[in-house]
Amino acid sequence: MTKINVKVDGVSYADEVEPRTLLVHYLREQLGKVGTVVGCDTSNCGACTVDLDGRSVKSCTVLAVQADGGEVTTIEGLAGPDGELDPVQQAFHENHALQCGFCTPGMIMAVRDLLRENPNPSEDEIREGIEGNLCRCTGYQNIVRAAQAAAGVKS
Amino acid sequence: MTAVDERPEAEIGKARRRKEDAHLITGRTRWTDNLSVPGMLHLAMLRSPMAHATITSIDPTDARSRPGVVAVFTGADFKDVQGNVPCAWPVTPDMVNPGAPSLAVDQVNFAGECVAVVVARSKAEAQDALEGIDIEYEPLPPVLDMDQAVKDGATLVHPNTESNRSYTWVFESGAAGTGAPIDDALRDAEVTVSRRFVQQRLIPAFMEPRAVMVEPSGEGVTVWSATQIPHILRVMLALTLGLPEHKVRVIAPDVGGGFGGKIPVTPEEIISVLVARRLNKPVKYTESRSESLMAAHHGRDQLQDITITATRDGTVTGLDVHLLADMGAYLRLVGPGVPILGAFMYNAIYKIPAYRFVCEGIFTTKTPTDAYRGAGRPEATFAIERIMDELAVELGMDPMELRRKNWIKHEEFPFTTVAGLTYDSGNYEAATDKALELIGWNDLRAEQQERRDSNDPVQLGLGISTFTEMCGLAPSRVLGSLSYGAGGWEHAAIRMLPTGKVEVVTGASPHGQGHETAFAQIVADKLGVAFEDVELIHGDTASSHKGLDTYGSRSLAVGGIAIVNAADKVIEKARKIAAHLLEANEADLEFSGGKFRVAGSPGSEVGIADAALAVFAAHNLPDGVEPSIDAEATYDPENFSFPHGTHLCAVEIDTETGMTKIRKYVCVDDVGTPINPLIIEGQVHGGLAQGIAQALFEEAVYDDAGNLTTGTFVDYTLPSAADLPSFTTERTETPSTTNPLGVKGVGEAGTIASTPAVVNAIVDALRPFGVNDIRMPATPERVWRAIHGGGKHRAAGGTTAYGGASTSTSDGDGGDLQ
Amino acid sequence: MIPAPFEYVRPSSVAEAVSAIGAAGEDGKILAGGQSLIPVLRLRLAYPTTLVDLGRVAEMQGVRDDGDAIVIGAMTTHHDVMHDPLVAEHAPLIAQATGTIADPQVRHRGTFGGALSHADPAGDLGAVALALGCEFVASGPGGERRIAASEFFHDYLTTALAPDEVLTQVRVPKLGAGWSSHYEKFNRVAQAWSIVGVAALVRRDNGSIAEARIGLTNMGSTPVRAAAVESALAGADVGSVAAAAEHAADGTNPPSDLSGQADYRQHLARVLTKRAVLAAVGS
């Protein structure tokens, strides 16, 4: 077991983990942060996307020990103290950008990251910016709209 | 009682944002894998790496001694109690079902079949211990190719059968009395066009991997499962395992997509129940994506031989269809019936006088198949829409003119088809005209000609799909006539709470569709209550005790009507209370906007909430009236619903690389009266993406040993946002006349319609190169080979060929006009 | 799925890394960004006993100017490479090709040196490094050595690195004036590996092509140079690019797999080489 210190959604944790523990499994099983989900084995689907030290990563392809000393933000850490939604969360709701909702946590984290890097993306830039996140329900069109709305871009 | 006369704005037709979203966008979800119960153990499945083999020995001794391991079970441990994974659809009386063990006992018949289960204190320990199971196989030859599998002397998948043919199902319009004899049409044909189309094997690939958690309790169990069918699962677990049905509770918590992929009762569910009961401990199993791709059921996989006949002037006279449908290794819950659903749809929107449909269900040593979005209808729609284009070429007609000449005109509804269905309503002309205008058809045709004339390396192709489908499964009598093992009704209950809030119980079981929102809109309008005041209860057999679940675009067209009927009963019960309180005759009361009023006497009124409170108190009720205005209803549809539409696709093909890019996709769908246009649009978008994915991106490929080559998302290529265009989706509204809401299903329409639109566009682009078909998915390589082989050299041989490397492509590629 | 158990070591200097790798022995494995390795571990296709995580070796991160070359630390993430001003100025081909790798999340973790050391011939950076004539700097128990790009890739997933060596940095020669470049990638879906990719570097002189260097992705068990195209382009004018590109597949031995058979890849190499060179020269 290896000792790690991480800050997750604003709370500091010190835990023992097996080195093989994936960050997503640490979040889900040791911290109970089950809002972040696992959708594949090969880093393709992006459902597990979280922010690690300010950048989006696939938490199924990061070991928990690699996050030692780092700061993680998950879907559960986005809403404000009084429950006010992050603008991207709000835009997903307003634009019907989710159906079953399984890809949604990762998709929202990916869109946030995209808008952080490129606050005013074109449609193509949005589509490429979320190419690491698979959705089987929406055909992506309303996710693109939500990203545009969150960016304040007129579609 | 309030005196404010304020009729609420109609909810039906409003683009309500979804009630479902709040917990999904904040990560406060209840996926099955998120759940746990005290003392829970974790399961890992050992799966066969062989497609076809006898198991000569299994020794789990080492695994049992691994850290954290509680138990290891093999087929031998459960063979007397596990029964068979159920199949509820014996499509013919003599259908052969060799049985389907949950844990293989003596033989494995597809790669991925469960052969042992490890129970451990953690998931990691369970997975670690899989490596401690010593198992030996004696390989048998794999059976991969359906054409070969039905030949005399072919290797049998199952030793207890006489052939690999499970069933042969036949419909012929002459014999059925629904049309003319097909043999006459074939004999007298002026023009005959035949093709073999290949419906490649697909994987539903719902985003949430399947998971199941079981808590045993005395004689019974509580089962949480990522399933589309909690109610059917309960019955089937009781029947399969001999459990008392009333001691079985099934809960479908948040379920992350299904697309048919979560319809069957699964071996993993049965194994989890068996283990939990054997150990008297709660257990959970969650599959990995690789397991899901390999072992959760697949879809499509049909060889379609289709012949169409016509007169020289373009009147279609007959349609003859012969399918080989791959069941895979075992018959799953509705697997045999999936291709049969297509039997009613090959004639599509056309007036075809003579029709024959023959389907053979074939066993192979591949993953079992079952429903995948559209289930039978996408295959039918693809074949008819593709061959209409080929017929148009043969006749020298414009493909849209050929369709117009043969389709049912709007004034001809209701129309009974050659397949025996009565389409209640439709307006194909209106949808088509709107779609043609939206896409700018004539300009695109002109551009296509320019590109052809200038030998542009990027060629343009235009594809049409004018489709209808049957959904809203299903009238129980029809299911009975097809030997299906259940009815097609749906149940609803409405519970009026003392504060005027409303609980609606449905037997439909959502997994992303938006039931909570759309059903609340219906109830709000019916009862005149606020949208926010309606809560939907679903997906738990303890609270929504009766239902037939969600598939086949049935939830609204069947489940929604059950809710309407229950609401009508609530109103009638409340009317008695209101009449009593208003001291009026029931017959004199009008009900609108949630309020009863005496006709012609404004001012005095009783709201439905007042009635609910009145029966809660029960202080002042009419004699003989029970203190409740709650009601339930079970609705069995008289008919299917028949959404239709026209989908048009323009593709650009880079002839140097073979890459296809969708330039524009326009569809005009008619799903009847819209309840929530936002949800409809979302369903269409997602449906289009899946249909387009069949045309361009996805195929489950096996190697010649019978192993799934496309076993991860690296190789099973789901499209991402960057691979799909924005769609133009519009609607026409021709209400269904079968149900009181005028609604039709929308869940599968986009998938059913889009695949042939894309492939027709590709073939249209390539016709100058002598190409008249392309194998799906139309990968760049296949398109390039089609161009450079003059249409003869279709799919590449080797790994991309149908049925694996051992299959010749020469007789399957439909490359030559016949 | 969950990886099999392993020991974990996290050195903070190259020296520590080298000794950790030595101590881990032949069943040890270096963890760079992990974007290829961790999926392999999850699928239990590899069972290393020890992972040596280079994530905290600060001296292996970042890009610096070193006179006639820029030096990219092996642990610099793809994302940082893409956005680095030195890379943009002196090796825009690297930035462009890096932008086609996988997806944003993977580029946030995946590293320049990790991708090159993994030596998957479908990876995009090998062809780029070949075309640019990069030098690979490796450290081992015997000290540091430099390996020319042309000597680095030995076979499928196999490089010149000894088992006890680690790639620490890559030296990218500054090309000087007159050079332009383009990376042309062809794949089926956006996040997929290249079916074929072509890295083209072209130096123009008085309107004609003075010199060209072409690297090919996924046209063999290693990235390869399209030498016949390079010689055909030397001194050629833009009008003869298409003819020169016809030699792109000469001598190649590409794989046949789900995405394409060898003859299709050879065809693609010719088409994409033409496009890459034309794009590089801006026509």
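**Where chain C meets chain B**

Student: How many residue pairs are in polar contact across the interface of chain C and chain B?

Tutor: This is a predicted model: local features need pLDDT of at least 70, side-chain atom pairs count only at pLDDT 80 or more, and totals for chains, interfaces and linings use all residues, while side-chain values use heavy atoms, without hydrogens or water. Residues are numbered from 1 along each chain as its sequence is written, with chains lettered from A and ligands numbered from 1 in the order written. A polar contact is a pair of N or O atoms within 3.5 Å; within protein, one must be able to donate a hydrogen and the other to accept it, and residues adjacent in sequence count only if both atoms are side-chain atoms. With both residues at pLDDT 80 or more, the number of pairs across the interface of chain C and chain B is 14.

Student: Which helix of chain C gives the largest share of the side that touches chain B?

Tutor: Helices are DSSP runs (H or I, at least four residues), numbered from the N terminus. The largest share is 7 residues, and they come from residues 262–280, helix 12.

Student: How many salt bridges does the rule find between chain C and chain B?

Tutor: The rule wants a side-chain nitrogen of Lys or Arg within 4 Å of a carboxyl oxygen of Asp or Glu. Arg275(C) and Asp654(B) meet this way, at 2.7 Å, N to O. Across the interface, the count is 6.

Student: How many residues of chain B are in contact with chain C?

Tutor: Contact means heavy atoms within 4.5 Å. Chain C brings 25 residues, and on chain B the number is 36.

Technical notes: Helix = DSSP H or I, 4+ residues; strand = E, 2+ residues; numbered from the N terminus.
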